[in-house]
Amino acid sequence: MNDFKGAIRLALKGSIASITLDNPQKHNSLSAEDIEMFLSHLEYLEARPEIRVLVITGNGPKTFCAGVSLVELTSDGAIADLFQELTDKLANMKIPTLCAMNGSAFGGGAELSLCCDFRIGVKGMAVQIPAARFGLCYPINGIRRYVQRLGINTAKKLLMAAEKLDAETLLAEQYLTHLVEPAELAETAAQMAENLSQLAPLAVTGMKQICDQMVEGNLSTEELNQDAQTIVQNCRQSKDLLEGLNAMRERRQPKFTGEIRSEDEKPEDQWPLPQ
């Protein structure tokens, strides 16, 4: 396993990458330097096609992330723009992303998790966005993300009313996709990441892209609709489809590569399914 040290730690294990917020003394809040390190890790992963899944988590028993440093936020608004750059990049990662929330999230920490495809929470955690309590209007991109991913009612509870939502409510409101006991978090995240890493990468990343475009209303134009159709067609023409069908017939684990097959590599007309 490769491990990149620091307050924002990146570790690589096979096709799975993990980023850990490692400043529990400050509830894993993010300074400008931390955000820049986070961004550099994401850029590094974007250049590594062998990485198929990203897991984000925090260190400590209470807090996943307390958002950006309030000291830096009030003294220099540049950190807000930097944080928006981070959330936009994380939300647009091609590979599936999983947030293992080891504790509560506040402010920008809640949005950081929301940018991921899956969010595993632990019982006893909570989420709160206190911006309205000290006179801050949350950034437009962030508001849009809350409305698109959670709906207008939940977005208003979190942003306008600054309500503190507990774990069970977060699961019911679909902020969390999974809820486990704290002792089960690491194993659950590892199992989900392993499962995602073994699926056909073209299909997984393609369906992620189409899902996100649908939520954002970006499939309304003919050009973007054609892009989605191209994704579907690429999967049909991939070596992964051929490998997946062969593996099903031969009752074995498939080995996907994410490659497009040549013209002479075609699946048989009929594939007997396992009895």
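This tour moves through a predicted model, stop by stop. Local features need pLDDT of at least 70, side-chain atom pairs count only at pLDDT 80 or more, and totals for chains, interfaces and linings use all residues. Residues are numbered from 1 along each chain as its sequence is written, and side-chain values use heavy atoms, with hydrogens and water left out.

Stop 1: Select residues 8-13 and 16-21. These are strands β2 and β3, antiparallel over 6 bridges. Strands here are DSSP E runs of at least two residues, helices are H or I runs of at least four, and both are numbered from the N terminus. Two strands pair if DSSP finds at least two bridges between them. Pick L12; its bridge partner in β3 is A17. The hairpin has 2 residues between its strands, and G14 in the turn has a positive phi of about 65°.

**Stop 2: the open sheet.** Select β5, β7, β9 and β10. The 4 strands form an open sheet in that order, with mixed pairing. β5 (63-65) and β10 (165-166) stand at the edges with a single partner strand each, so one side of each has no neighbour in the sheet. Now show β9 (residues 126-128): 2 bridges join β9 to β10, and the two run antiparallel. A126 stands opposite D166 in β10.

**Stop 3: the largest pocket.** Its volume is about 780 Å³. Centre the view on M93, K94, I95, P201 and T205, the closest to the pocket centre of the 30 lining residues. A pocket is an open set of points on a 1 Å grid over the protein atoms alone, where a 1.4 Å probe fits, with protein on both sides within 12 Å along at least five of seven lines; lining residues have an atom within 4 Å of a point. The volume is the space filled by probe spheres set on the points, which are joined across faces, edges and corners. Next, colour α1 (32-46), α9 (201-215) and α10 (222-236), the elements that each give two or more residues to the lining. The largest share, 9 residues, comes from α9.

**Stop 4: a salt bridge.** Select D117 and K208. Their side chains meet in a salt bridge at 2.9 Å, N to O (the cut-off is a Lys or Arg side-chain nitrogen within 4 Å of an Asp or Glu carboxyl oxygen). D117 lies in the loop between α4 (108-114) and β8 (118-122) and K208 in helix α9, so the pair ties together parts 91 residues apart in sequence. The whole structure has 12 salt bridges.
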